[in-house]
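Here is a short briefing on one protein chain. Keep the sequence and the 3D view open as you read.

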Amino acid sequence: LYAFVGKLLGLAMRASLALPFHLPGLVFKRVLGQAVTKVDLKLVDKFLVDYLDNVSNAHLDPNMTAELFGDLYGDRSFTTKTIDGREVELVPGGRRIFLSLGNSRRFVERMLAYHCAEFDAQCAAIARGLATIVPINILRLFTAQQCELLVVGHSEVDLALLRRKTTYDSPYSNVHPAIVLFWAMMDAFSN
């Protein structure tokens, strides 16, 4: 299935067809072989990254003690939920290792490593499918944003250009009340 998605992405690129594949930027980055960062992950799961930032920065709080940290985060083990809801251990025996101030840095590192790589198998399959249509080494010359633009096209509509190119049949014209209302409504929409 994912290889087929890659082929569709490749066809969109080769034929200059804009397809509505609004995939997260981290997918395009992984397909191109680029590293996924915490910033990319935050665009997909803001709650997770904010939580990890809180855990990571807890030691900076002058009032933070090991006991207070335990009260706040101590019920958390070295496990996480996958996108499909399964629980996985971040380290061997992770279900028996509970988060503490002393191991919080390792916990955050393991959580970020897991979640940044969670879609690697799917992205690799997309890349394999894409490579059957477009040489992947050529694509790696592009940024993830440029690659996405090749697939989905520009998302902004140039209303001024659309107005200039629009023709009307009688009894309509650019000053007809229905047309004026139409353009006012179009101006009010976001892209």
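Where does Pro-171 lie? Pro-171 sits in the loop between helix H10 (159-165) and helix H11 (177-188). Keep in mind that this is a predicted model.

**Backbone features**

- The peptide bond running from Ser-170 to Pro-171 is cis. Its omega is near 15 degrees.
- Ser-16 has a phi near 55 degrees, which is positive although the residue is not glycine.
- Ser-16 belongs to the loop between H1 and H2. Its relative accessibility is 66%, so Ser-16 counts as exposed; the cut-off for exposed is over 50%.

**The nonpolar core**

- The largest nonpolar core has 41 residues. Leu-52, Val-55, Phe-107, Leu-139 and Val-151 touch the most other members.
- Take Leu-139 as an example. Setting aside residues up to four places away in sequence, Leu-139 touches Met-13, Leu-32, Leu-130, Val-134, Cys-147 and Leu-150.

**How H1 meets H9**

- The axes of H1 and H9 come within 7 Å. They cross at roughly 80 degrees.
- H1 and H9 are therefore roughly perpendicular to each other. That label covers angles of 65 to 115 degrees.
- On the H1 side, the meeting residues are Leu-9, Ala-12 and Met-13. On the H9 side, they are Cys-147, Leu-150 and Val-151.

**Aromatic rings**

- The structure has 4 aromatic pairs.
- One of them is Tyr-51 with Tyr-73. Their ring centres are 5.8 Å apart and their planes are at 75 degrees, so the pair is edge-to-face.
- This pair links distant parts of the chain. Tyr-51 is in helix H4, Tyr-73 is in helix H5, and the two are 22 residues apart.
- Tyr-51 is buried, with a relative accessible area of 19%. Tyr-73 is also buried, at 13%. The cut-off for buried is under 20%.
- Buried or partly exposed: which is Phe-182? Phe-182 counts as partly exposed, at 36% relative accessibility. Trp-183 is buried, with a relative accessible area of 6%.

**Two buried residues**

- Thr-80 is part of strand S1 (residues 79-81). Its relative accessibility is 5%, so Thr-80 counts as buried.
- Which side chain does Thr-80 join through a polar contact of 2.7 Å? The partner is the side chain of His-115.
- Beyond residues up to four places away in sequence, Thr-80 touches Arg-86, Glu-87, Val-88, Leu-90, Met-111, Tyr-114 and His-115.
- Gly-94 is placed in the loop between strand S2 (87-89) and H6. At 0% relative accessibility, Gly-94 counts as buried.
- Leaving out neighbours within four places in sequence, Gly-94 is in contact with Ser-77, Phe-78, Thr-79 and Glu-89.
- Gly-94 and Asp-61 are 33 residues apart along the chain. Their C-alpha atoms are separated by 26 Å.

Definitions and conventions. Residues are numbered from 1 along each chain as its sequence is written. This is a predicted model: local features need pLDDT of at least 70, side-chain atom pairs count only at pLDDT 80 or more; totals for chains, interfaces and linings use all residues. Side-chain values use heavy atoms; hydrogens and water are left out. Helices (H or I, at least four residues) and strands (E, at least two) are DSSP runs, numbered from the N terminus. Buried means under 20% relative accessible area, exposed over 50%, partly exposed in between (1.4 Å probe, protein chains only). A polar contact is a pair of N or O atoms within 3.5 Å; within protein, one must be able to donate a hydrogen and the other to accept it, and residues adjacent in sequence count only if both atoms are side-chain atoms. Contact means heavy atoms within 4.5 Å. A nonpolar core is a set of buried Ala, Val, Leu, Ile, Met, Phe, Trp, Tyr and Cys residues joined through side-chain atoms within 4.5 Å. Rings of Phe, Tyr and Trp (its six-membered ring) pair if their centres lie within 6.5 Å; planes under 30 degrees apart count as stacked, over 60 as edge-to-face and the rest as tilted. Axes are lines fitted to C-alpha atoms, for helices over the stretch in contact, and angles run from 0 to 180 degrees between N-to-C directions. Angles under 35 degrees count as roughly parallel, over 145 as roughly antiparallel, 65 to 115 as roughly perpendicular and the rest as oblique.
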